[in-house]
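Please open the structure in a viewer and keep the selection panel at hand.

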Amino acid sequence: MAAPTAAQVAVGGLCQNRVVTTTTPASRPRRRPVGELVHQLSGVPGREDRLTHLEELPPREAVEVDWPAWAAPEIVAAFGAQGIERPWRHQAVAAEAAYAGTHVALATGTASGKSLAYQLPALTRIRAARGSRGERGATVLYLAPTKALAQDQLSRLRDLGVDVRVTTHDGDSTREQRDWARDHGEYVLTNPDMLHRSLLPGHSRWSRFLGALDYVIVDECHHYRGVFGAHVSHVLRRLRRICAAYGATPTFVLASATVADPEAAGERLTGLPVLPVTADDSPRGRVSLALWEPPLTTFAGENGAPVRRAASSETADLLADLVASDVRTLAFVRSRNGAEQVAMTAAGLLAEVDPSLPGRIAAYRGGYLPEERRAIEQSLRSGELLGLAATNALELGIDVSGLDAVILAGYPGRRAAFWQQVGRAGRGAGDALGILVARDDPLDTYLVTHPDALLGQPVEATVFDPGNPYVLGPHLCAAAQESPLTEADFGLFGPTTEDVLAHLTDSGLLRKRPRGWFWTDRRRAADLTDIRSAGGSPVQLVEAGTGRVVGTVDAGSAHSTAHAGAVYVHRGETYVVQDLDLDEHVAVIDRGDPGYTTTAREITEISIVAEREHETWGDCRLSYGEVDVAHQVVSFLRRRQPGGEVLGEEPLDLPERTLRTTAVWWTVPPHALEDAGLTALDLPGAAHAAEHCSIGLLPLVATCDRWDIGGVSTAVHPDTGVLTVFVYDGHPGGAGFAERGYRAARRWLSATLETIRACECDSGCPSCIQSPKCGNQNQPLDKHGAAVLLGILLRSH
Ligand SMILES: [Zn+2]
Ligand SMILES: [Zn+2]
């Protein structure tokens, strides 16, 4: 037996004895149930404390029902040919409602056959409405958040082999394809971007398609959140308006992964009442879900704070152990470099056990050609490949059914994504194992120590704010160009419409005439906004040398993430920014990982414009409203990875920017602070620490990540005269995150307090109050003071 490697000794990881005894390649015994594997993993000496929770989700029996009487026999036969004898009950319930013209939000788990629920009524209608010579009757529009998903849907519809004219309409379509889709397509697959830029502005050419529109299917609609969600909600309202002009009132079918309150989310998105269908009647095997927390290391991080072992290192160990036990395992890692590192480390560990094993682990990097993807799928299915480390890019375009276990190196940020990734494990009704390995941050730490937050009723709501004037304005212009706006449209676009219209008229973008508001500009109104960007002209990331546009960054975050010298991770690739040209909206970047990350330091000031709502909590006050945030990025820090040790600071010369947005804030009066024993000296650190941790935990209740929001805390704020902690939306006009924080304040701030109290560090660490995006090098921070402060606030409630 090989001696343990240095890494294994240091971390108490992979146990050689265990690995050797559990794998006998010559006569492979039947594996133990996957649930038992967890105990095997956590039983390794030194790892006893890492498993924080093990949940056994019992297997679920399928509930099958008869096909609806109206279902077209040839469509039923086509599903039958794919092995679907009868639908599951939730599919039939959603299909019945949609067929009857009720708008539906179907929110059930991964692999619960959501497509059948809308394909059955949609295809049936198309077939029934077709003329005797095959001419088009009813039409269906399918919207996916990405091109790849629409392509995937296309091939699945083609595999079904029914006689319906299905086609995609996207940025890659040729002119002929687009013309054909418009004139003959019955089931057109597209995305909200094409609807916004092409179909709606050119609606007169699409009039026959739109006038016959029976169904609008909005797939994977949990993607529509934040500013993007607000944009899409207006694109759908514009679609409804134009369809009505051609005499059509399509039925909306929304499909999403399980989220909190799909009914409210669906209504916000479409502006229509929707019927939620959430009871999942598809079968599932037993799922063992392990929550896992890496230990503190002996390394000192920023300001001497203890640092947890990296989730990716821990994941590499677990991947190696599972592969050694002949368990087909997929590990999700945030970046491409990370995925390669995990695969390499795991292979290295296995090499010491059995020289044949390292070859059975690979990294999946995204950007593969279809045949390469199929080869990986094939070798996973055959068992030739036992372990795969992948970025989230894998979520699209690869079928990895047939896995036993999934490891998540860090919470993917949203519940829907979490369950989608966990749902990759389990062969049919076979047992599955999911392991969530916590990253060193407040949200992950909270989740692995509060299993209810992950496994109980969802509290994380998909939020966006259709009333945001920065988002609504350009869509009103686009709508006016599509057909002049009248007062009859106010109800459709919401209560802020009238004010925003007045503003657009004052600024000369729209003209008010007796018959309504008109767009008289020569430009295309749809070009005023990019629905994927949060306002302002996005900055393009251009690769030096090739000139290739790799992606874009919102104008609002370019200063802090794309300044010269910044290390930027885009779709798992690491780049270093060479130069940021603010006039041209271009950042020139170079591929390469310098081994450190960068954080911008900025000076932020906030002023209250208007308080919209408030609650008094004893002597304290919780408010939600409009604020102006003034930012200036003044320098950046280079931090060694892993560890976060500061390598140096470099000044930057960037202009100040102001942001009008929404915020949630709370105040505590001086006498309450005194009574609790907090002195003037304690206050800045206490408020700052409470702010950091609360930002880290807002994603618990809202579908944002900590990069979508910012905070400011001060011992005495000029506008309130007392200690105030602000958390604001990082996008112009707000994306709904601060509002959600206000509405769920009790839950959110209680979780913040618990996280601070429960953290095992002495005076603050990345798992509780330190923040990687702090503009002040995480100083001052007072962990004890923050707990006292939040205690006052929550006790008063
Ligand atoms: Zn801590
Ligand atoms: Zn800070």
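**Stop one: a pair of helices**

Select Val227, Ala230, His231, His234, Val235, Arg238, Arg241 and Ile242 in H11, which meet Val471, Leu472, His475, Ala478, Ala479 and Glu482 in H19; contact means heavy atoms within 4.5 Å. This is a predicted model, in which local features need pLDDT of at least 70, side-chain atom pairs count only at pLDDT 80 or more, and totals for chains, interfaces and linings use all residues. Residues are numbered from 1 along each chain as its sequence is written, chains are lettered from A and ligands numbered from 1 in the order in which they are written, and side-chain values use heavy atoms, with hydrogens and water left out.

Now show the whole of helix H11 (residues 226-245) and helix H19 (residues 469-482): their axes lie 10 Å apart and the packing angle is about 20°. Helices (H or I, at least four residues) and strands (E, at least two) are DSSP runs, numbered from the N terminus. Axes are lines fitted to C-alpha atoms, for helices over the stretch in contact, and angles run from 0 to 180 degrees between N-to-C directions. H11 and H19 are therefore roughly parallel to each other, a term for angles under 35 degrees.

**Stop two: a covered strand**

Select strand E12 (residues 329-332). Thr329 and Ala331 on one side, and Leu330 and Phe332 on the other, are all buried, that is, under 20% relative accessible area (1.4 Å probe, protein chains only). E12 runs parallel to strand E14 (residues 387-390), joined by four bridges, and Ala331 has Ala389 as its bridge partner in E14. Four bridges also join E12 to strand E15 (residues 405-409), again parallel; here Thr329 stands opposite Ala405.

**Stop three: an open sheet**

Display five strands in the order E20-E19-E23-E22-E21, which form an open sheet with mixed pairing. Two strands pair if DSSP finds at least two bridges between them. Strand E20 (549-553) and strand E21 (567-570) stand at the edges with a single partner strand each, so one side of each lacks a neighbour in the sheet.

Definitions and conventions:
Buried < 20%, exposed > 50% of the residue type's maximum accessible area, 1.4 Å probe, protein only. Parallel < 35°, antiparallel > 145°, perpendicular 65-115°, else oblique.
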